[in-house]
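Welcome! Here is a short tour of one protein model, written for someone who likes to look at the atoms. Have the viewer ready before reading on.

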Amino acid sequence: MKKSLACSLALAALGLAAPMKAETLYVPVVEPVNAKGAPLATQLWISNFSTVERPYATVFAQTDREGSATKSIGATIPGDRAVYLDKVAAEGETGLLAVDAGQDLAVNAWVKTTRGQQVFYAGLPVISSATRIEGGAVTYLNGVGRDGSRDVTQLALINLGAVATQCQVDAVAADGSIARNLGSLEVPARSLSRFEDALGLRGAPAATAQVSCDQPFYALAAMVDSKTSEVSFINPSTVIEKAAARKPPAASVVVFNQSGIFHSATKDNPKGILHIPVTKQFNAGRLSAEFDVIAGPWNPRLPRGAHNMIFFHRGRFRSNTLANVNAFGPGNDVVKSAQNIDLPPHYSTSTKVSILLQEGQTYHVAFIYDALNKAVSFVLSQNGQVLKTGRYDATAHNRLLVIPGTGLVAEFGNYNNQGLPEVASLGWKFANLHVEILPSV
């Protein structure tokens, strides 16, 4: 494992109100291949959001080698800094990376592919106690197989239990009936098993794979687009559904995807933080971001308070907020989206739409930061139908949005006991983040 750099987070102005809970997290190292068959390294970013030094440790267990720690590292990260690990395993090695992340540390993982001027980042799941699947439960991988130019390259089963597990994998129809048995498989304790032929799904029409194991587990599929070389991941779902249609990205663009549910807000883990990487600092003319949110209950501390749907920024709050979208509960009944890029203190622009989100329902949030035309567009939709829209001023200097070399940060939910009117969104879930950054010409 190579530690290539450490960089400043510049997050002191965030005013973090509570530490992140310490626990062991797991990252599947599946080493997917691009369209040319070359393996892609798993990259890791560990951020320290406290002001003091924090320790971390990683242990890598190679595929199908129960209990074998082929690589381990222990180190510390200074306060308000991050460490970037550009390769967590040797080329072609696959397995399960355990990350002992102490309090205040956030872990992100991804693989990167390129084609010409296009750069694609596919976020890998960082599996926690909140996102693992319990033994005996059933989960679904929707859209595996061949879908247009995309084809599944592998399936991975991750056993998070202390003993070996038996997993059953089947291809199922839309009504849940079993179309084809793909196998009963044993996976060693706390390890990952990867299947290069995707258990016979590779090259077959798009389908849903149903997976169940008798120990706590996770399942993952890797896809590759033969036209763009973009690698993407299919994460578990609780229901069978048709895979969403994919829009081709613009030319000369940075694309980041974190598919599936990536944050479920709980008392121990109220805030989710994703790092959106870039290769270097550059000027952007346009940035778009979209994601799904499953509304949970309104916080009893202040039901009408501000529930953070996304706080999207360049590394610190003042003059660097691309989007701060909040849903306000009963009594306020609005969703507000704001930005303050390159503005002086206490200044911002915003839009506010009248709507009260309903618990248990899924909403799609999208915004476009158009620096060239000095406008931000905001769209709230549900089931493909637009519910509300808004438009307000973009304020990037010289119509250029500076993207720092350290990338962008997206936060979902608030910490417990933040200063009112901000409240934690316990029980809310966030999924399917898609970001596109178009450089200025």
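How many nonpolar, polar and charged residues does the lining of the second largest pocket have? The classes come out as 19 nonpolar, 14 polar and 4 charged residues. Please keep in mind throughout that this is a predicted model.

## The second largest pocket

The volume of this second largest pocket is about 650 Å³. Its lining counts 37 residues, and those nearest the centre are L25, V126, S128, F262 and N269. Two or more lining residues come from each of β2 (23–29), β8 (105–115), β19 and β20 (272–276).

Which element gives the most to the lining of the second largest pocket? That is β19, with 7 residues.

## Strands around β32

Strand β19 covers residues 254–264 and runs antiparallel to β32, residues 429–439, with 8 bridges joining the two. To find this pairing in the viewer, you can look for F256, whose bridge partner in β32 is V435.

Strand β32 is also joined to β21, residues 282–294, by 9 bridges, and these two strands run antiparallel as well. Here I294 stands opposite K429 of β32.

## A loop residue: S348

Now for a single position. S348 sits in the loop between β24 (334–339) and β25 (349–354).

Leaving out residues up to four places away in sequence, S348 touches Q339, N340 and L343. There is also S319 to look at: it lies 29 residues from S348 along the chain, and the C-alpha atoms of the two are 8.6 Å apart.

## The chain as a whole

Stepping back, the protein chain has 32 strands and 0 helices. Its radius of gyration is 21 Å, close to the 22 Å that the globule rule gives for 441 residues, so the chain is as compact as a globular protein of that length. The C-alpha trace spans about 60 × 50 × 50 Å along its principal axes.

Of the 441 residues, 56% are buried. As for contacts between residues at least 6 apart in sequence, 74% of them join residues at least 24 apart.

Note on methods:
Residues are numbered from 1 along each chain as its sequence is written. This is a predicted model: local features need pLDDT of at least 70, side-chain atom pairs count only at pLDDT 80 or more; totals for chains, interfaces and linings use all residues. Side-chain values use heavy atoms; hydrogens and water are left out. Helices (H or I, at least four residues) and strands (E, at least two) are DSSP runs, numbered from the N terminus. Contact means heavy atoms within 4.5 Å. Two strands pair if DSSP finds at least two bridges between them. On a 1 Å grid over the protein atoms alone, a cavity is a set of points where a 1.4 Å probe fits but cannot get out, and a pocket is an open set with protein on both sides within 12 Å along at least five of seven lines; lining residues have an atom within 4 Å of a point. Grid points are joined across faces, edges and corners, and a volume is the space filled by probe spheres set on the points. Ala, Val, Leu, Ile, Met, Phe, Trp, Tyr, Cys and Pro count as nonpolar, Asp, Glu, Lys and Arg as charged, and the others, Gly among them, as polar. The radius of gyration is taken over C-alpha atoms; the globule rule is 2.2 Å times the number of residues to the power 0.38. Buried means under 20% relative accessible area, exposed over 50%, partly exposed in between (1.4 Å probe, protein chains only).
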